[in-house]
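Student: Could we go through this structure together, one question at a time?
Tutor: Gladly, let's take a look.

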Amino acid sequence: MNWLQLLSLDTPDVQQNQTRTVFDRDFDRIIFSHPFRKLQDKTQVHPLPEQDFVHTRLTHSLEVSSVGRSLGRLVGSKLIEKYDFLQHKVSAHDFGAIVAAASLAHDIGNPPFGHSGESSISDYFKNAEAELKPEVNDAEWSDLINFEGNAQGFRLLNRPGYQGLKLSSATLAAFTKYPRPSLVEKQEKARRSQKKFGFYDTERTVFQALGKELGLEVLGTDQFCRHPLAFLVEAADDICYHIIDLEDGCNLGLVTYEQTVELLANVIGDKFQPEKLEAIHSLKERIGVLRALAIGQLIQECGDLFMEHEEKLLTAEFDISLADEIPSKDAMAEIINVSVAKIYRSRGVVETEAAGYRVLNGLLEVLVPATLAGFKKNLSAKDKTYFRLLPTETQAEVKEAPSAYLALRAVLDYVAGMTDSNALNLYRKIMGISLPGR
């Protein structure tokens with residue numbers, strides 16, 4: 001692989017006015033998109049409390065994008081210094097814009113209620129295997145029983161119509177952390193990029209064309225190596241996920257102030273100055289300062305590690321999460337252990353996960369049979385009622401679908417695109433718990 005091809009710098013679309021590059025345009029299209037806006041009402045980890053602010057998917061995505069921009073610019077400046085052929089072709093700003101845009105979109109395909117929403121959708125199809133598996137082929141069934149937010153995001157970014165954002169190839173590839181379909185002949189588990197999958201059967205040919213255009217190394221049938229910048233997107237997510245979840249946990253009283261300071265100080269290292277910290281009166285501001293210092297340290301470490309292995313990234317020899325190999329990996333592992341024990345298993349989080357399972361499963365129980373009946377044009381009176389709950393564009397897509405799989409993908413696009421509140425309100429009405437206008 002080579003950087004000129006990986007960035008598609010020789011395509012007409014990328015050669016443009018430097019006041020707003022195609023990569024800046026990618027960022028703008030994502031941030032103004034309807035699916036991105038919905039992230040403001042999708043759970044990150046904690047249910048929204050009355051007494052304090054915690055992160056939603058929207059604020060998390062904005063922060064990941066900010067960290068991603070810094071990582072991209074740091075690496076970009078070093079790459080341009082290393083390779084003469086990149087000079088006057090691309091800037092550090094361009095690298096930062098690509099990673100920032102891909103990071104901004106990294107959670108755009110997540111369903112309501114976070115990871116419990118993904119599990120709920122997958123479990124619904126597993127439990128309905130006898131009725132639904134005969135309707136699809138093996139690859140399509142693998143997609144349905146393994147709902148994946150990353151693949152759903154790639155689908156959203158490449159859909160025609162108002163949701164099709166027409167992003168640059170470099171941004172789409174940097175977004176794709178797991179460049180393989182759900183069903184593969186052999187999964188290389190040692191490779192980080194093979195841990196999950198990144199595109200559904202519906203987008204298989206889209207990614208094939210993308211991989212060919214960018215010169216991504218082929219690992220197997222429809223399996224590709226990662227675009228190197230995808231490692232920076234993953235690192236930005238890892239940094240924010242663990243450091244900021246810890247900050248939220250402290251603000252909510254799930255982790256003590258003293259333990260939070262100790263955990264962050266282990267990341268900051270020699271830059272930690274307790275005497276300056278004591279001069280700040282607000283405990284929240286103290287944690288905020290430590291959070292900023294920790295993120296800065298992790299950005300530098302991830303950038304340095306990327307450049308250390310940059311040549312192996314280009315040959316697909318390096319395929320490990322950057323955050324798992326940096327000098328602060330042990331400190332990060334300790335934060336993860338505390339977060340799992342005290343934050344991710346806290347009662348409020350578990351209650352939200354339980355609600356997510358029940359709500360999404362309940363919606364699918366009525367919408368999926370109605371969708372298949374609509375596809376087959378064999379709607380009962382009950383099915384007609386449930387089918388009419390779908391948006392008109394989804395109804396049209398189901399009726400015109402050339403296969404049962406595509407009809408099911410249409411209803412999953414609708415359900416996965418719901419906000420937490422939207423999903424909960426519709427579930428209550430379908431179950432008769434509440435009525436319209438009450």
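Student: In which helix does E278 lie?
Tutor: Before answering, note that this is a predicted model, where local features need pLDDT of at least 70, side-chain atom pairs count only at pLDDT 80 or more, and totals for chains, interfaces and linings use all residues. Residues are numbered from 1 along each chain as its sequence is written, and side-chain values use heavy atoms, with hydrogens and water left out. Helices are DSSP runs (H or I, at least four residues), numbered from the N terminus, as strands are (E, at least two). The run at residues 274-278 includes E278, and this helix is α14.

Student: Is E278 buried or exposed?
Tutor: Buried means under 20% relative accessible area, exposed means over 50%, and partly exposed is in between, with a 1.4 Å probe and protein chains only. E278 has 51% relative accessibility, so E278 counts as exposed.

Student: How far apart in space are E278 and D143, C-alpha to C-alpha?
Tutor: In sequence, 135 residues separate these two. In space, C-alpha to C-alpha, the distance from E278 to D143 is 53 Å.

Student: Which residues of α2 are buried?
Tutor: Helix α2 spans residues 22-31 and is mostly covered, with seven of its 10 residues buried. The cover over them includes α3 (34-37), α4, α5 (92-104) and α10; it is judged by contact, meaning heavy atoms within 4.5 Å. The buried residues are V22, F23, D24, R25, D26, F27 and I30.

Student: Which residues is T394 in contact with, leaving aside its neighbours within four places in sequence?
Tutor: T394 belongs to helix α20, residues 392-400. With a relative accessible area of 7%, T394 is buried. Leaving those neighbours aside, its contacts are A410, V411 and Y414.

Student: With which side chain does the side chain of R159 make a polar contact?
Tutor: R159 sits in the loop between α9 and α10 (169-175), and its 16% relative accessibility makes it buried. A polar contact is a pair of N or O atoms within 3.5 Å; within protein, one must be able to donate a hydrogen and the other to accept it, and residues adjacent in sequence count only if both atoms are side-chain atoms. At 2.8 Å, the partner of R159 is the side chain of D413.

Student: How many disulfides does a search of the whole structure find?
Tutor: A disulfide is a pair of cysteine sulfur atoms within 2.5 Å. The sulfur of C225 is too far for a bond, because its closest cysteine sulfur, in C302, is 20 Å away. C302 has its closest cysteine sulfur in C240, at 11 Å, which is also too far for a bond. The search of the whole structure gives zero.

Student: Which helix supplies the largest share of the lining of the largest pocket?
Tutor: On a 1 Å grid over the protein atoms alone, a pocket is an open set of points with protein on both sides within 12 Å along at least five of seven lines, and lining residues have an atom within 4 Å of a point. Of the 39 lining residues, the closest to the centre are H115, K196, D237, Y241 and H242. Helices giving at least two lining residues include α4 (57-82), α6 (114-127) and α12 (228-251). The largest share, six residues, comes from α17.

Definitions and conventions:
On a 1 Å grid over the protein atoms alone, a cavity is a set of points where a 1.4 Å probe fits but cannot get out, and a pocket is an open set with protein on both sides within 12 Å along at least five of seven lines; lining residues have an atom within 4 Å of a point.
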